[in-house]
Amino acid sequence: MSATVAMILALAVGTYAFRLVGPALHGRVELPERVQELLGAGAVVLLVALLATGALTEGGGFAGWARPAGVLVGAVLAWRRAPFVVVVLGAAAATAVLRAVGVA
């Protein structure tokens, strides 16, 4: 077995184990309220970091101003509780318009 296959199998087993732990320990382990707050904040931080990385970078460099502007338009629409389709189409339209007028 090659090293790549072994690593893929190890990651698959680890992922499956993580998925089993949640239901198996539900109700048996109670986390303190402070730990629950920190886990919630950590999830938000990870999502914001993923959003920033996807919105601002492309190929290891800056993605240009059109993409972050589109993400900002989408964020504002989501914050205003627009339907999901409107959020996606608004963000895509803003990015497309900016790219059409020459903003990279």
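Read along the sequence, this protein goes α-α-β-β-α-α. What you're looking at is a predicted model, so local features need a pLDDT of at least 70 and side-chain atom pairs count only at pLDDT 80 or more, while totals for chains, interfaces and linings use all residues. Residues are numbered from 1 along each chain as its sequence is written, and side-chain values use heavy atoms, with hydrogens and water left out.

The mean pLDDT of the protein is 93, and 100% of its residues reach 70 or more. Confidence is lowest in strand 1 (residues 57-58), with a mean of 89, and highest in helix 4, at 96.

Now for the overall shape. The C-alpha atoms fill a box of roughly 55 × 45 × 25 Å along the principal axes. The radius of gyration, taken over C-alpha atoms, is 20 Å. A compact globule of 104 residues would come out near 13 Å, using the globule rule of 2.2 Å times the number of residues to the power 0.38. Buried residues make up 12% of the 104 residues; here buried means under 20% relative accessible area, exposed means over 50%, and partly exposed is in between (1.4 Å probe, protein chains only). As for contacts (heavy atoms within 4.5 Å), take those between residues at least 6 apart in sequence: 37% of them join residues at least 24 apart.

Let's start walking at helix 1, residues 3-25. Alanine 3 belongs to this helix and is exposed, because its relative accessible area is 58%. Alanine 3 and valine 73 are 70 residues apart in sequence, and their C-alpha atoms are 45 Å apart in space. The expected span of a helix is 1.5 Å times one less than its number of residues, so the 23 residues of helix 1 should span 33 Å, and the end C-alpha atoms, at 32 Å apart, agree with that. Just after helix 1, glycine 27 takes a positive phi of about 90°.

Next comes helix 2, residues 33-56. Here you meet one of the two salt bridges that a search of the whole structure finds; a salt bridge is a side-chain nitrogen of Lys or Arg within 4 Å of a carboxyl oxygen of Asp or Glu. Arginine 34 pairs with glutamate 37, and the closest N and O atoms are 3.8 Å apart. Because these two residues are three apart in helix 2, about one helical turn separates them. An α-helix has 3.6 residues a turn, so residues three or four places apart point the same way. Arginine 34 counts as exposed at 55% relative accessibility, whereas glutamate 37 is partly exposed at 44%.

The other salt bridge joins the side chains of glutamate 58 and arginine 67, at 2.5 Å from N to O. Glutamate 58 is partly exposed, with a relative accessible area of 48%, and arginine 67 is partly exposed too, at 22%.

Which residues of helix 3 are buried? They are Ala66, Pro68, Gly70 and Gly74. The cover over these buried residues includes helix 2 and helix 4.

Between helix 3 (66-79) and helix 4 (84-100) there is a loop, and arginine 81 lies in it. Its phi is near 65°, a positive value in a residue other than glycine. Most residues other than glycine have a negative phi. Is arginine 81 buried or exposed? Arginine 81 is exposed, because its relative accessible area is 77%.

We finish in helix 4, with threonine 95. Threonine 95 counts as buried because its relative accessibility is 14%. Leaving out residues up to four places away in sequence, threonine 95 touches Ala66, Arg67 and Gly70. A polar atom of the threonine 95 side chain also lies 3.0 Å from the backbone oxygen of alanine 91.

Technical notes: Helices (H or I, at least four residues) and strands (E, at least two) are DSSP runs, numbered from the N terminus. pLDDT is the predictor's confidence in each residue, from 0 to 100. A polar contact is a pair of N or O atoms within 3.5 Å; within protein, one must be able to donate a hydrogen and the other to accept it, and residues adjacent in sequence count only if both atoms are side-chain atoms.
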